[in-house]
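Subject: Structure handover and notes

Hi there,

Here is the structure I promised to pass on to you. Could you load it in your viewer before reading further?

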Amino acid sequence: MGISVSIADEADLTVTGIQAVLGNQPDLQVVSTCRSLADLVFSLEQKCPEILLLSNRLEPNMDGITLVEQLHRTAPRMKQIILSNQSDGLLVHELFAAGISAFLYKGDPLSYYLPEAVQAVLRNKPYLSPTANAEYLIAVQSGQNDWRMDGEARTVLHLLTQGYRPQEIALMRGVSVRRVYWVNNKLRRRFGAETNEHLIARAAEEGFLS
């Protein structure tokens, strides 16, 4: 029996294309295809694959980092390979910190790089497709990855997106207003934004918001 693989992507065309690519790999067996997070969670409860090919946009109401973290808690031994229409280096960095094993930019030829990625993660090696790798190196060399987008930062970002003011966020989270302003300022520097509106726009553009 081959290596078990699940595919979770909201686009039927992508799922069909991945199945065609993996069909040429006799050592791999696709055990499930899912179009939503609910379908994926149900599938994992039935049979957890060794490798998950996952769209970071699978759940419209959840950012990709939170999605990866949730699935990592559900199936900690499962290797996650992200397939994304975005290749922002900071996003790639954060997703690896969250627990993924490989990142593939959908604009790169997946027929070539997907089999490479699968073989790499089976050897416990991280893998990035060329475009993602180039963007990741730029982000690392720029020093912008010095501060992680941890759970606190993502929560503050999401609440700002919903229109809450720092004072309201502090009350909701039971922390000081100074703490919220500190996180907010870190977020602005991270995304090179001077206002919260600019921050939200940049975060959405780079894939940090659903």
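Predicted model: local features only at pLDDT ≥ 70, side-chain atom pairs only at ≥ 80, totals over all residues.

Residues are numbered from 1 along each chain as its sequence is written, and side-chain values use heavy atoms, with hydrogens and water left out.

Helix H4

Helices (H or I, at least four residues) and strands (E, at least two) are DSSP runs, numbered from the N terminus. Helix H4 (residues 89-98) is mostly covered, with eight of its ten residues buried; buried means under 20% relative accessible area, exposed over 50% and partly exposed in between, using a 1.4 Å probe and protein chains only. The buried residues of H4 are Gly-89, Leu-90, Leu-91, Val-92, His-93, Glu-94, Leu-95 and Ala-98. Their cover includes helix H3 (64-74), strand E4 (79-84), strand E5 (102-105), E6, H6 and helix H9 (177-191).

Two of those partners are worth a look. H3 and H4 pack at about 15° with their axes 9 Å apart (axes are lines fitted to C-alpha atoms, for helices over the stretch in contact, and angles run from 0 to 180 degrees between N-to-C directions). H3 and H4 are therefore roughly parallel to each other; the classes are roughly parallel under 35 degrees, roughly antiparallel over 145, roughly perpendicular from 65 to 115 and oblique for the rest. Gly-64, Ile-65, Val-68, Glu-69 and His-72 of H3 make the contact (heavy atoms within 4.5 Å) with Leu-91, Glu-94, Leu-95 and Ala-98 of H4.

The axes of H4 and H6 come within 7 Å and cross at roughly 90°, which makes H4 roughly perpendicular to H6. Here the contact joins Gly-89, Leu-90, Val-92 and His-93 of H4 to Ala-132, Glu-135, Tyr-136 and Ala-139 of H6.

Helices H7 and H10

The axes of helix H7 (residues 151-161) and helix H10 (residues 196-205) come within 10 Å and cross at roughly 115°, so H7 is roughly perpendicular to H10. On the H7 side the contact is made by Leu-157, Leu-160 and Thr-161, and on the H10 side by Asn-196, Leu-199, Ile-200 and Ala-203.

Nonpolar cores

A nonpolar core is a set of buried Ala, Val, Leu, Ile, Met, Phe, Trp, Tyr and Cys residues joined through side-chain atoms within 4.5 Å. Of the 43 residues in the largest one, Leu-40, Leu-54, Leu-71, Leu-95, Leu-187 and Phe-208 touch the most other members. Apart from that core lies another, of 21 residues, including Ile-18, Leu-22, Ala-102 and Ala-120.

Two loop residues

Which loop holds Ser-129? Ser-129 is found between strand E6 (127-128) and helix H6 (130-142), and is buried, with a relative accessible area of 0%. Not counting residues up to four places away in sequence, Ser-129 touches Phe-103, Leu-104, Tyr-105, Asp-108 and Tyr-113.

Asn-124 sits in the loop between helix H5 (110-122) and E6. At 58% relative accessibility, Asn-124 counts as exposed. Its phi is near 60°, a positive value in a residue other than glycine.

Best wishes
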